[in-house]
Amino acid sequence: MSKTTPPNYTALADLMEQHELMATAVEAHGVICGLVCGGVTLDDKSWLAPFNDLVNDGFGLPAQVRQAMSELYQNAIESLMAQKGVELLLPGDDAPLDERIDALVDWSQAFLAGFGVVQQELSKASEELQEMIQDIANITQVSDEFDQEDDENEAAFLVLYEHVKLGVMMSFEEFGKRPDAPVAPPTLH
């Protein structure tokens with residue numbers, strides 16, 4: 001059972017806006033996922049400095065925002081460890097398609113930024129992951145291609161969304177750190 005509740009996009013977006021932070025909720029979630037998937041040490045501190053650098057120009061966060069970001073961080077870890085994938089923090093299905101596309105682009109850019117801060121040896125990644133990271137980079141360029149809201153573009157958005165989710169999972173599988181498992185004592189015969 002999950003220790004943290006899934007993030008609420010609207011509540012988090014309002015909180016970030018209320019505190020006039022440089023990043024949006026979408027970007028904050030993307031950076032967190034990028035840091036975790038890039039291999040940041042999974043503790044309560046290692047992710048904060050690079051996170052603050054990327055989303056708030058190196059400044060610390062107000063206590064209420066830091067708590068919300070800690071919950072996002074824990075939720076991302078739990079989802080990735082359970083191998084169920086992370087639901088990207090984007091506007092809901094009732095939001096206009098162009099707004100959701102722009103959010104997916106922003107999320108993808110933030111993910112790549114967080115991933116790149118921690119993982120600087122992408123050349124050591126599998127060929128599949130290198131291609132996936134390139135696909136995510138290409139997704140950051142798609143917002144102009146969705147000029148009308150119709151079923152075809154909605155379906156294309158869902159394909160991109162699922163593709164990014166798959167890339168996140170692949171990144172975590174290759175570079176994400178897992179908590180150390182206890183070492184079992186050797187069995188004596």
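This is a predicted model: local features need pLDDT of at least 70, side-chain atom pairs count only at pLDDT 80 or more; totals for chains, interfaces and linings use all residues.
The protein chain contains 7 helices and 0 strands. Its pattern along the sequence is α-α-α-α-α-α-α. The chain has 189 residues, of which 44% count as buried. Contacts between residues at least 6 apart in sequence were also examined. Of these, 76% join residues at least 24 apart.

Helix 7 covers residues 151-175, a run of 25 residues. At 1.5 Å a residue, helix 7 should span 36 Å. Several residues of helix 7 are buried, among them Asn153, Phe157, Leu160, Tyr161 and Val164. Lys165, Gly167, Val168 and Met169 are also buried. Further along, the buried residues include Ser171, Phe172 and Phe175. The cover over these buried residues includes helix 2 (25-38) and helix 4 (63-81). It also includes helix 5 (97-118) and helix 6 (127-139).

Two of these covering helices, helix 2 and helix 4, also pack against each other. Their axes are 10 Å apart and meet at an angle of about 50°. The crossing of helix 2 past helix 4 is right-handed. Helix 2 contributes Ala28, His29, Ile32, Cys33, Val36 and Cys37 to the contact. Helix 4 contributes Met69, Leu72, Tyr73, Ala76, Ile77 and Leu80. By class, this contact holds 11 nonpolar residues, 1 polar residue and no charged residues.

Definitions and conventions:
Residues are numbered from 1 along each chain as its sequence is written. Side-chain values use heavy atoms; hydrogens and water are left out. Helices (H or I, at least four residues) and strands (E, at least two) are DSSP runs, numbered from the N terminus. The expected span of a helix is 1.5 Å times one less than its number of residues. Buried means under 20% relative accessible area, exposed over 50%, partly exposed in between (1.4 Å probe, protein chains only). Contact means heavy atoms within 4.5 Å. Axes are lines fitted to C-alpha atoms, for helices over the stretch in contact, and angles run from 0 to 180 degrees between N-to-C directions. A crossing is left-handed if the near helix is turned anticlockwise from the far one by less than a right angle, and right-handed if clockwise. Ala, Val, Leu, Ile, Met, Phe, Trp, Tyr, Cys and Pro count as nonpolar, Asp, Glu, Lys and Arg as charged, and the others, Gly among them, as polar.
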